[in-house]
Amino acid sequence: MSSSDKKLKDPIRIVITGAAGQIAYSLIHQICSGDVFGQDQPVILHLLDITPMMTVLQGVVMEIEDTSLPLVKGAIPTDDLETAFKNVDVALFVGAMPRKEGMERKDLLSANVKIFKSQGTALDTYANKNVKVLVVGNPANTNCYILAHYAPSIPRENFTCLTRLDHNRAKGQIASRLKVTPDAVKNVIIWGNHSSTQFPDVRSATVTIHGKETPVYEAVKDDNWLKNDFVSTVQKRGAAVIAARKLSSAMSAAKAICDHMRDWWHGTNENEWVSMGIISDGSYDIEKGLVFSYPIEIKNGKLSIVQDLKMDDWSRELIDKTQKELVEEKNDALKATDPE
């Protein structure tokens, strides 16, 4: 049955920032095909980028038309914040200032503070008040923190940043080590910052081998690998992709964005969680208000942190380390918002 035979819902409006970039190029088709929000959910895309990218963006709109997908009810290319954020239901902040060679981290932060301050203000003014927000552009956690800071009328629980790519990378590493498909691995966790201090944690993860669910630690039988090489491979995977491709992850990042939004929209499976950066409520002794990646269960669009997972000294130390980096980033970003 084609989607035209089904009863379609009213269209939702989705803004994608950095829409002329390479992640968006991998992302747009998946969103338009119904793969994320459902085969009965039409979409109107608001495609935002900077003025010099408008010609490129026109080309992207031509290609969207040429895919001839039935769920697409419109694609609006724009460099104007009001047009971009007007009445949107979903906001995907893919664009950010990329780090250029020789750039200090604080320069990168202050450039991004500028971007996310103006976009946060526009989100607050023009978007639907129930808008679901996902920040992808790096430094994603801190950009999300700034965005939320400047969009006070949007509920705090509607702000998220992407750590699903790290989550998927962790699943992939375990799956390949055990020679199973990644869907056999569940309940890995990414704690903290989407950076090289993140803590990929498989102490609560399981893997299904020959129909039997086994703790990952028992299946791998190599604690040294799990505590060292596995952790550092996941932490540094983004840099490894850049070294090989001379470009940052795009296909896998777009897939992770789709996974994140699909789960938020439709919910997670029973007894299964995913990793998302959210505004901390103080769980696991993380500073309240910090944007921190946690294990998250989702029901009816509501995100909740999985509680009471066991912590040993080793994992606590890694969680504290990534929290320390996030607090520093947040303080630097706040200084950049108000340099006086």
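1. Let me start with Arg169. With a relative accessibility of 13%, Arg169 counts as buried, because the cut-off for that class is under 20%. Do bear in mind throughout that this is a predicted model.

2. Where does Arg169 sit? Its place is in helix α6, which runs over residues 164-178. Setting aside neighbours within four places in sequence, Arg169 is in contact with His194, Val234, Arg237, Gly238 and Ser249.

3. Arg169 also turns up in the annotation. The unreviewed UniProt entry has a "binding site" feature that covers Arg99, Arg105, Asn138 and Arg169. These residues are spread over 71 residues of sequence, and they are spread in space too, with up to 25.0 Å between C-alpha atoms. The lining of the largest pocket includes Arg99, Arg105, Asn138 and Arg169.

4. Asn138 lies in the loop between β5 (132-135) and α5 (140-149). Is Asn138 buried or partly exposed? Its relative accessible area is 38%, so Asn138 is partly exposed. Apart from neighbours within four places in sequence, the residues in contact with Asn138 are Ala96, Met97, Asn112, Asn143 and His194. His194 is worth a click, as it is also listed among the contacts of Arg169.

5. Thr197 deserves a moment of its own. This residue is found in the loop between β8 (189-191) and β9 (199-201), and it is buried, with a relative accessible area of 12%. Which side chains make polar contacts with that of Thr197? One is the side chain of Thr322, at 2.9 Å. Another is the side chain of Glu325, at 2.7 Å. Beyond neighbours within four places in sequence, Thr197 is in contact with Gln235, Leu318, Thr322 and Glu325.

6. Thr181 and Lys171 are 10 residues apart in sequence, and their C-alpha atoms are 9.1 Å apart in space.

7. Now for Ser248, which is found in the loop between α10 (237-245) and α11. At 36% relative accessibility, Ser248 counts as partly exposed. Leaving out neighbours within four places in sequence, Ser248 is in contact with Gln22, Val241 and Ile242. Ser248 and Trp265 are 17 residues apart along the chain, and 27 Å separates their C-alpha atoms.

8. Finally, helix α1. Which residues of α1 (residues 22-32) are buried? They are Ile23, Ala24, Leu27, Ile28, Gln30, Ile31 and Cys32. What covers these buried residues includes the strands β1 (12-17), β2 (43-48), β3 (72-78) and β4 (90-93), along with the helices α2 (54-67) and α11 (251-266). After α1 comes Gly34, which has a positive phi, near 90°.

Methods:
Residues are numbered from 1 along each chain as its sequence is written. This is a predicted model: local features need pLDDT of at least 70, side-chain atom pairs count only at pLDDT 80 or more; totals for chains, interfaces and linings use all residues. Side-chain values use heavy atoms; hydrogens and water are left out. Buried means under 20% relative accessible area, exposed over 50%, partly exposed in between (1.4 Å probe, protein chains only). Helices (H or I, at least four residues) and strands (E, at least two) are DSSP runs, numbered from the N terminus. Contact means heavy atoms within 4.5 Å. UniProt positions are given in the numbering used here, feature names are shortened, and annotations may be inferred rather than shown by experiment. On a 1 Å grid over the protein atoms alone, a cavity is a set of points where a 1.4 Å probe fits but cannot get out, and a pocket is an open set with protein on both sides within 12 Å along at least five of seven lines; lining residues have an atom within 4 Å of a point. A polar contact is a pair of N or O atoms within 3.5 Å; within protein, one must be able to donate a hydrogen and the other to accept it, and residues adjacent in sequence count only if both atoms are side-chain atoms.
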